[in-house]
Amino acid sequence: MANPPIANRIRMLRFMAGEMTQAELGDRVGVTRQTIAAIEQGKYSPTLETAFRIARAFDKPLEEVFQWEGE
C-alpha cells in the first residue's frame with residue numbers, strides 16, 4: 001500500500017520543542033508512542049481529532065504540522 005498523501009513536520013517540531021520524545025507527544029495527545037511513530041513516518045494518517053491534538057501540542061496551526069500532497 002502506498003504512503004498516505006499527507007506529509008508532516010512532527011519530527012522537526014519535536015526536536016524544536018526541546019527534543020520531545022514520541023512517547024511524550026503520545027501522552028500529550030492521548031495515543032501510543034507507536035501511533036506517533038507511524039504518523040511521523042507517513043505509514044498512517046491520523047484521525048482529524050488526533051491531527052488537531054498534535055498541532056495543539058506544538059501550539060501550531062494544523063497547516064504548519066500537516067500538509068496535503070494528494071491530488
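This briefing walks through helix packing, salt bridges and a handful of individual residues in the structure above. The model is a predicted one. A search of the whole structure turns up two salt bridges. Helix α2 (residues 22-29) has a contact with helix α4 (residues 48-57), their axes coming within 9 Å, and α2 also packs on α3, with axes that come within 8 Å.

**How α2 meets α4**

- Two packed helices are described by the angle between their axes and the distance between the axes.
- For α2 and α4, the crossing angle is roughly 115° and the axes come within 9 Å.
- The crossing of α2 past α4 is right-handed.
- On the α2 side the contact uses Leu25, Arg28 and Val29, while α4 brings Thr50, Arg53, Ile54 and Ala57.
- Sorted by class, the residues of this α2 and α4 contact are four nonpolar, one polar and two charged.

**How α2 meets α3**

- The axes of α2 and α3 cross at roughly 105° and come within 8 Å.
- The two helices, α2 and α3, are therefore roughly perpendicular.
- Gln22, Ala23, Leu25 and Gly26 are the α2 residues here, and they meet Arg33, Ile36, Ala37 and Glu40 of α3.
- The contact of α2 with α3 holds four nonpolar, two polar and two charged residues.

**Salt bridges**

- Side chains of opposite charge can pair when their charged atoms come close.
- Glu40 and Arg14 form a salt bridge through their side chains, at 2.8 Å from N to O.
- This pair joins distant parts of the chain, with Glu40 in helix α3 (residues 33-40) and Arg14 in helix α1 (residues 10-16), 26 residues apart.
- Both Glu40 and Arg14 are buried.
- Arg53 pairs with Glu49 in a salt bridge whose closest N and O atoms are 2.7 Å apart.
- Both Arg53 and Glu49 belong to helix α4, where they sit four residues apart, about one turn of the helix.
- Arg53 has a relative accessible area of 43%, so it counts as partly exposed.

**Residues of α4 to look at**

- Thr50 lies in helix α4 and has a relative accessible area of 12%, so it counts as buried.
- Setting aside neighbours within four places in sequence, Thr50 is in contact with Val29, Val31 and Ile39.
- Ala57 is in helix α4 too, and its relative accessible area of 23% makes it partly exposed.
- Not counting residues up to four places away in sequence, Ala57 touches Leu25, Arg28 and Val29.
- Ala57 and Leu25 are 32 residues apart along the chain, yet their C-alpha atoms are separated by 7.4 Å.

**Gln22 in α2**

- Gln22 is found in helix α2, and it counts as buried because its relative accessibility is 16%, the cut-off being under 20%.
- Beyond residues up to four places away in sequence, Gln22 touches Arg14, Arg33, Ile36, Ala37 and Glu40.
- Gln22 and Ile6 are 16 residues apart in sequence, with a C-alpha to C-alpha distance of 19 Å.

**Loop residues**

- Glu19 sits in the loop between α1 and α2, and its phi is near 55°, a positive value in a residue other than glycine.
- Glu19 is exposed, at a relative accessible area of 54%.
- Asp59, in the loop between α4 and α5 (62-65), likewise has a positive phi, near 55°, and is a residue other than glycine.
- Asp59 is exposed, at a relative accessible area of 71%.
- Ser45 is in the loop between α3 and α4 and, at 28% relative accessibility, is partly exposed.
- Ser45 and Asn8 are 37 residues apart in sequence and 9.9 Å apart in space, C-alpha to C-alpha.

Technical notes: Residues numbered from 1 in each chain as written. Predicted model: local features only at pLDDT ≥ 70, side-chain atom pairs only at ≥ 80, totals over all residues. Heavy atoms only, no water. Axes fitted to C-alpha atoms, helices over the stretch in contact; angles between N-to-C directions. Left-handed = near helix turned anticlockwise from the far one by under 90°. Contact = heavy atoms within 4.5 Å. Nonpolar A, V, L, I, M, F, W, Y, C, P; charged D, E, K, R; others polar. Salt bridge = Lys/Arg side-chain N within 4 Å of Asp/Glu carboxyl O. Buried < 20%, exposed > 50% of the residue type's maximum accessible area, 1.4 Å probe, protein only. Parallel < 35°, antiparallel > 145°, perpendicular 65-115°, else oblique.
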